[in-house]
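The sequence and structure are shown below.

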Amino acid sequence: KQWYQRRVAITAGLLDFRDCPIVSQREGITFLGQNSDNKFYTIPGIDYISHEDVLPYEHSESIRDPIQHNLFQKFLEKKNDQNGLASYYSTNMLHQFHEDNFDCLRLRDVHSQTTNGVKITVYSFYMGCRSETPNKEHWWRYSILMENVGDITVQLRERTWCIFSNADNKESVTGKGVVGQEPMLKSGQCFQYSSLVSLRSSAGHMWGTYLFEREDRKFINVSIPPFLLVSKVAEPQT
């Protein structure tokens, strides 16, 4: 196989709460607490989208805010120019949010592969290390976008993951669907979800396969491209 790299623009955005009834899964940014409790925290309604998928948007003047999200007015400030044209500018709170959570928000790599008419895009985030456990656990969040770029309807039936750590540990996981769902994708439709993975070493990688059933009852395998699980933590010398 030949692999190639290209730069892609990924945008962080707020989910309009009015869209929640039609969103299959409410995404959010997940953090690992930096204090002694090391608990997981999630800010709902924030996630990433390819800049290629961003569409121009105009809202009615009768609507106070373009997006209904409890962070919108905290992150963005509305200002009118001398002609009365409104623009939105980032607030100090947004700058502080980026500064405090830069490591959790920063995308390192985006991996994409198309197999049998289904395109899989995956990206991961290092969340930190939970040191209160008997063995230190390094945690990552990964998000996957499935897109049906073929002409026939498909439905996800099964997933298989291979998870490899730099400590020479390899684990295989197989299960039905993803996040408790078996999404059906018509031509042009997509489905996105997020999950977490932990390793006892500070680096590793994952890859896998999805099993889809086509509307003609035939089954197809769709590859999940390999992606790195990388942290800034150096392994101790032995």
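## A polar contact between two strands

In this predicted model, the side chains of Thr-121 and Ser-112 are joined by a polar contact of 3.2 Å. Thr-121 belongs to strand β8. Is this residue buried or exposed? Thr-121 counts as buried because its relative accessibility is 13%, under the 20% limit.

Ser-112 is one of several residues that Thr-121 contacts once neighbours within four places in sequence are left aside. Of the strands concerned, β7 covers residues 110–115, and β9 covers residues 137–148.

## The four-stranded sheet

The strands β7, β8, β9 and β13 form an open sheet in the order β7-β8-β9-β13, with antiparallel pairing. Its edges are β7 and β13 (190–199), each of which pairs on one side only. On average, neighbouring strands of this sheet are turned by 20° against each other, direction ignored. Strands of a sheet pair through backbone hydrogen bonds, in either a parallel or an antiparallel manner.

Between β7 and β8 (residues 118–130), 6 bridges make the antiparallel pairing. Thr-115 stands opposite Val-118 in β8. Asn-116 counts as exposed because its relative accessibility is 51%, over the 50% limit.

## A hairpin and a further positive phi

Strands β5 (residues 76–80) and β6 (residues 86–90) run antiparallel and are joined by 5 bridges. Glu-77 stands opposite Tyr-89 in β6. The two strands β5 and β6 form a hairpin with 5 residues between them, and Gly-84 in the turn has a positive phi of about 85°.

Val-179, which is not a glycine, also has a positive phi, of about 45°. Val-179 is located in the loop between β11 (170–176) and β12 (184–185). With a relative accessibility of 40%, Val-179 counts as partly exposed.

In soluble globular proteins, nonpolar side chains tend to be buried together. Here the largest nonpolar core has 26 residues, and those with the most contacts inside it are Ile-144, Met-146, Trp-161, Tyr-193, Tyr-210 and Phe-212. At least two residues of this core come from each of β8, β9, β10, β13, β14 (203–214) and β15 (219–230). The largest share, 5 residues, is supplied by β15.

Which residues does Trp-161 touch, not counting those up to four places away in sequence? They are Tyr-142, Ile-144, Glu-171, Ser-172, Val-173, Tyr-193, Met-206, Trp-207, Gly-208, Tyr-210, Ile-224 and Phe-227. A second, separate core has 5 residues, among them Ile-46, Leu-71, Phe-75 and Leu-94.

## Confidence of the prediction

The chain has a mean pLDDT of 80, with 76% of its residues reaching 70 or more. Confidence is highest in strand β10 (residues 154–165), at a mean of 96, and lowest in strand β2 (residues 28–32), at 64. Over residues 234–238 the pLDDT is below 50, and this stretch has 3 contacts in the model beyond near neighbours in sequence.

Key:
Residues numbered from 1 in each chain as written. Heavy atoms only, no water. Pairing = 2+ DSSP bridges. Axes fitted to C-alpha atoms, helices over the stretch in contact; angles between N-to-C directions. pLDDT = per-residue confidence, 0-100. Contact = heavy atoms within 4.5 Å. Buried < 20%, exposed > 50% of the residue type's maximum accessible area, 1.4 Å probe, protein only. Polar contact = N/O pair within 3.5 Å; in protein donor to acceptor, adjacent residues only side chain to side chain. Core = buried A, V, L, I, M, F, W, Y, C linked by side-chain atoms within 4.5 Å.
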